[in-house]
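Here is a walk through the contact between two chains and a few side-chain pairings. Please keep the sequence and the 3D view open while reading.

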Amino acid sequence: MSTSTVPPDQQEQQPTVAALGTSFKDRLQQFLAFASLIVIFVFFSVASPNFFNYANITAILFSTVVIGTLALGTTFVIITGGIDLSIGTGMALCAVISGELIVNAGLPVPLGVLGTILFGGLLGLINGFNIAILKIPPFIATLAMMLVAQGLALVISHSTPIYFSDAPSYIKISTGHLIPALNLPNAVLVFAFLAVVSAVLLNKTILGRYTYSIGSNEEATALSGINTRKWKMVVYALAGLFIGMAGVLISARLGSAQPATGAGYELQAIAAVVIGGTSLAGGKGSIVGTVIGALIISVLNNGLQLMSIPQEWQNVILGCVILVAVYADMARKRAA
Amino acid sequence: MDQDRAARGQAEEPPLLKVQGVSKSFPGVKALSDMHLDLRRGEVLALVGENGAGKSTLMKLLSGIYPADEGAFFLNGAKIQATGPKHAQELGISIIHQEFNLMPDLTVAQNIFIGHEPRSGGFLLNERRLNSQARSLIEGLHLPLEPKQLVGNLTVAKQQMVEIAKALAYDAKVLIMDEPTAALNEAEVGVLHGLIRRFVKADTGVIYISHRMDELKAISDRVTVIRDGRYVGTVDTQQTTMKEVISLMVGRELAGEARPEHVVEDREVLLSVTGLSTKALLKDVGFDLRKGEILGFAGLMGAGRTEVARALVGADKVDAGTVTLRGEQVHIKNPADAARYRIGYLSEDRKQFGLLLEQEVNANIGLSSLQELFQHLGFMKDKAMRAKSREYVDTLRIKTPSVAQTAKNLSGGNQQKVVIAKWLVKDCDILIFDEPTRGIDVGAKEEIYRLLNSLAGQGKSIIMISSELPEVLRMSHRIVVMSEGRVTGLLSAAEASQESVMHYATLRPDESAEDAAELGLDEPALVAARTDRKAGER
């Protein structure tokens, strides 16, 4: 036995090299995502004369906001190893709630917005309860919530859109220009702010640390004396708050709450998270990656549209991008 | 060949199964070394040895899961080299593992013929032929089974019969059973033995792996003992005693150095457990843990030592029992409660239950104490955590280039120290070590032992679960011995010896008629526990 024992210092040496390689590869993945964004950006700039100008780039950023906001919350959920399918129709329900509170109940706009965001949090909390306490698999629990939200949005609004024509200050939340010099719609500023808050939450707070811990090894985290059930509920509730905010942003932008929309947004948001390098297996991911992922999707949509490629083909291309991104992530893991 | 024939002419025909000079090494461990073994025609050969003696490795080599480094296997004198369990089965060697490989949601017949389903027209399953084949097999073996029963609804004993039918579906010559009675009651053991006797004919044989001396007496013709991957000896069952077999198993020499010097009989009792029971296994477990004491937990695989630890920290559901901590009764519902009471559990499976492998050393060491020490209003105090981690990396001499190193890149011993550091930062008074030196090389083991001793010296109370007898004997002030979910012995350091511990570890707790009835009622739970554990492993 003693003959095969490696001297301790040699044992340490080897892995160190491997560790450097891993972290380098981690950085590479983010770099790759960013590099692909640049490549796509340059490609469209060359391919379409209407792509690279201030107005169009503003439009791209504007179109990133809703999916990006949903993707921010979903990043936390996916890092824990979970999934949230209810964010799309949940957003439509939140938009309807916002319309009910502000247009039909006549609540002041700030109060209505707060109520909507908290309602989103409640949806998330219910998801969290079903997943963490009742132990329903995340896919099923949020699939159920997706259907419930879709139905409730139609029931509450009687299947008709609610218009915010009498609440111009609400519409300004998305379309106004708080900082005239920047000439960016407020929605973009709100999204940038939310992204920074998310990054701080994920990297600098105990919530973020437990999010990674649970995704890395839920059992070990629980045995370390951490109430993993509580923290999973917190994570889904947080994702719910982002659903609420997305509901406000989209209805303010459209000037109306559209109860029948929302389905499909969840998949785009999950795609953004995955393209950004967050692992569906949990434990790994970043907000920067998610923002890049969301930008890649909207740049693709915008550029292909400018090149007059039909909507159907845009989806085909987006599908392929997701496959390539996930395969690259898996190849990286295997190499590590 | 000529030699073989000559040998046959001279003495007797070649043994049914012959294992000749087989060796196998894994990185850092020599699992088998020059192993040999003969199974004669028409006999039941018992194979005994301590945990880790090499029994499982031998079976895995036989079934072709790994190739042997040296040596060969002969079946009826012809050399065989199985390439996998299916090939081994085709050659005539069937192995029934301790953990069943059954699909609970399929029927008895579907399980028996899994992978060999009768078909019609090439790809359509022929369910009728499947059931009739299964029926004739079951009737041939006189098994109380129905082809269409769902396996998940069967008792453990009947599930085992399904395993046996599955093993015998292909004209097996050699049947190897690993701890077949671990989950059976007395009556079921009798049924199993009857079945084995019916199977053993002039051209077949059984290798029966077990620790239960009374069973070996009842079923086996000869007993082969192995220790530390080596062949020790073979004795005729009728001409031996349990004592002789045990002394062969443990060997004479006592590895390790001095026992802990200080006697702790008079120290205050920190933790007292009484009547601890779980649905799956534990029955009325009780013990005291004193301040500054290392309390060893010894027993064979499946005796319930890990289950005691998991029940104690609230990781598994407890049916009954009281826990008294510093004189007050406490209810520990989950590991978070246990951590609050300063009880830390270090799992035998560091990778699955102890570490965040993909995270930094720093994040692992701070994990249990984040809320208490390393946050302010929810914001991480990363600097403080890194400083604390560095402090423990130094004091425990964890070999890592920095606290930012990913945990998976550390050696086993250093990973173990990271987990220890986690609980020391949490300032635990009670540390439960489950197999503290598993997967750790010899030099690092010594360091872990020193660390355990110094922790006990500082007044920490330690429960040490270990399958390595010399380790338990060397480290423990007192030893709790368990068998089949119960405490069967409590030994002081002075009384403990390999023989005495083994004696209590192989005791089969008395099974009165009442207990058997209870067991019968509990059986669905047993099945559930078994499948749960399997699901967990996956």
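**Salt bridges and the chain interface**

K333(B) is exposed, with a relative accessibility of 65%. Here buried means under 20% relative accessible area, exposed means over 50%, and partly exposed lies in between (1.4 Å probe, protein chains only). This is a predicted model, in which local features need pLDDT of at least 70 and side-chain atom pairs count only at pLDDT 80 or more, while totals for chains, interfaces and linings use all residues. Residues are numbered from 1 along each chain as its sequence is written, chains are lettered from A and ligands numbered from 1 in the order in which they are written, and side-chain values use heavy atoms, with hydrogens and water left out.

The partner of K333(B) is D337(B), and the two form a salt bridge whose closest N and O atoms are 3.8 Å apart. A salt bridge requires a side-chain nitrogen of Lys or Arg within 4 Å of a carboxyl oxygen of Asp or Glu. D337(B) is buried, at 9% relative accessibility. Over all chains, this rule gives 22 salt bridges.

Now take a pair that crosses between chains. D382(B) and R209(A) meet through their side chains in a salt bridge, at 3.1 Å from N to O. D382(B) belongs to helix α15 (residues 382–395) of chain B, and R209(A) to helix α8 (residues 206–216) of chain A. Helices are DSSP runs of H or I with at least four residues, strands are runs of E with at least two, and both are numbered from the N terminus. Are the two partners buried or exposed? D382(B) counts as buried because its relative accessibility is 16%. R209(A) is buried too, with a relative accessible area of 14%.

Next comes a pair inside chain A. E218(A) and K232(A) form a salt bridge at 2.9 Å, N to O. E218(A) lies in helix α9 (residues 218–223) and K232(A) in helix α10 (residues 228–254), so the pair ties together parts that are 14 residues apart in sequence. E218(A) is partly exposed, with a relative accessible area of 33%. K232(A) is buried, at 15%.

How many salt bridges cross the interface of chain B and chain A? The rule finds three. One of these joins R310(B) to E219(A), with the closest N and O atoms 3.6 Å apart.

Consider the side of chain B that touches chain A. Elements that give two or more residues to this side include β2 (29–39), α11 (335–340) and α16 (412–425) of chain B. α12(B) gives the most, with four residues. In contact terms (heavy atoms within 4.5 Å), 38 residues of chain B meet 35 residues of chain A. The buried area is about 2900 Å², with 56% of it from carbon and sulfur atoms. That area is the accessible area (1.4 Å probe) that two parts lose on being put together, summed over both.

Finish in chain A, at Q314(A), in helix α13 (residues 311–335). Q314(A) counts as buried because its relative accessible area is 3%. Leaving out residues up to four places away in sequence, Q314(A) touches N301(A), L304(A), Q305(A) and I309(A).
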